[in-house]
Amino acid sequence: MLIKRPPDIPTSEITDERLFWRRRDFLGAMAGALALHLVPRLPQQGEKLTSFEDITTYNNFYEFGTDKKDPSRHAHTLRPRPWSVRVEGEIKKPKVYDVDEVIRRYPAQERVYRLRCVEAWSMVIPWLGFPLASLLRDVEPTSNAKFVAFTTLHDPEQMPGQKRGVLPWPYVEGLRLDEAMHPLTLLVHGLYGKPLPNQNGAPLRLVVPWKYGFKSIKSIVRIRLVREQPPTTWSMSAPNEYGFYSNVNPDVDHPRWSQKRERRIGELRRRLTLPFNGYADQVASLYTGMDLRRTF
Ligand code: MTE
């Protein structure tokens, strides 16, 4: 089995997550003392980081196959450099960025977020990235911009899974503008302090921690600000199962399984799923007045 991993990570560095935690606790406490509002909240007490091994070998990235092991086996065909990201639509300053220009321009922050997949498993991942809001502010959305549409690379040579019709290609996702501007919403280019492995969505992906994992689109080539709610891959392929909002909601079952509990990868016992994946205090107000059973 071929497991893709940056060759320069010593095993000692990637396995000792307790040490990583202590460092994070210290930095978190320092940041708290300085009252930096952008510094994230750490996951709840007692939550351990998922291992680098699990984060990079148990993936959903259908462009490389539908088995959890397929992305780590096959994503070596993706070429994450050179890479352009086109930002366009209802903005005053459309621009085609080189991905390294973006990474240089916006200081990288480390954010430990839970990722909860719609398939009822979850992980705790130390991402490296920056708020999507920083980039969006720089391109100056017009008053017509109401939603943000994201598109993954479409290149069946680099992404052989696109030769099969399991999903409509390219993979697309979307957020309402206020969700996109929320400080928890990140553009991510690394994890565990290293560049993002291909199977996790190199070179640039979205991470929206209060929504089911499929909203966190990988290997982005286009960000388009639009007036109307854009189509999204999973709601196009199974509209009765996947809605546009897809906020983590234990009270709304998937038509084929319960969403009340989840299995944390690396653990045996299942835990209760939290509303908005545990980020309710920070994001619930975005949905005031919406019926989240109907608008799932
Ligand atoms: N993005 C693209 N382009 N293609 C995909 O198949 N899968 C989604 C999301 N982003 C997917 C994608 C799903 S279902 C999940 S749960 C997360 O990526 C998984 O991210 P991870 O493999 O880094 O944990």
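The model is predicted, so to speak of a local feature we ask for pLDDT of at least 70, while side-chain atom pairs count only at pLDDT 80 or more, and totals for chains, interfaces and linings use all residues. Residues are numbered from 1 along each chain as its sequence is written, and side-chain values use heavy atoms, with hydrogens and water left out.

Take Arg 114 and Glu 47, whose side chains meet at 2.8 Å, N to O. Arg 114 sits in strand β3 (residues 109–116) and Glu 47 in the loop between α2 (17–33) and α3 (52–57), so this pair ties together parts 67 residues apart in sequence. Helices (H or I, at least four residues) and strands (E, at least two) are DSSP runs, numbered from the N terminus. Both residues are buried, meaning under 20% relative accessible area, with exposed being over 50% and partly exposed in between (1.4 Å probe, protein chains only). They also belong to a network of salt bridges that links Glu 47, Arg 114, Arg 116, Glu 262, Arg 264, Glu 267 and Arg 271.

Now hop over to Lys 211 and Glu 179, which form a salt bridge at 2.7 Å, N to O. Lys 211 is in the loop between β9 (205–207) and β10 (220–226) and Glu 179 is in helix α7 (residues 177–181), so the pair ties together parts 32 residues apart in sequence. Lys 211 is buried at 2% relative accessibility, and Glu 179 is buried at 0%.

Methods: A salt bridge is a side-chain nitrogen of Lys or Arg within 4 Å of a carboxyl oxygen of Asp or Glu.
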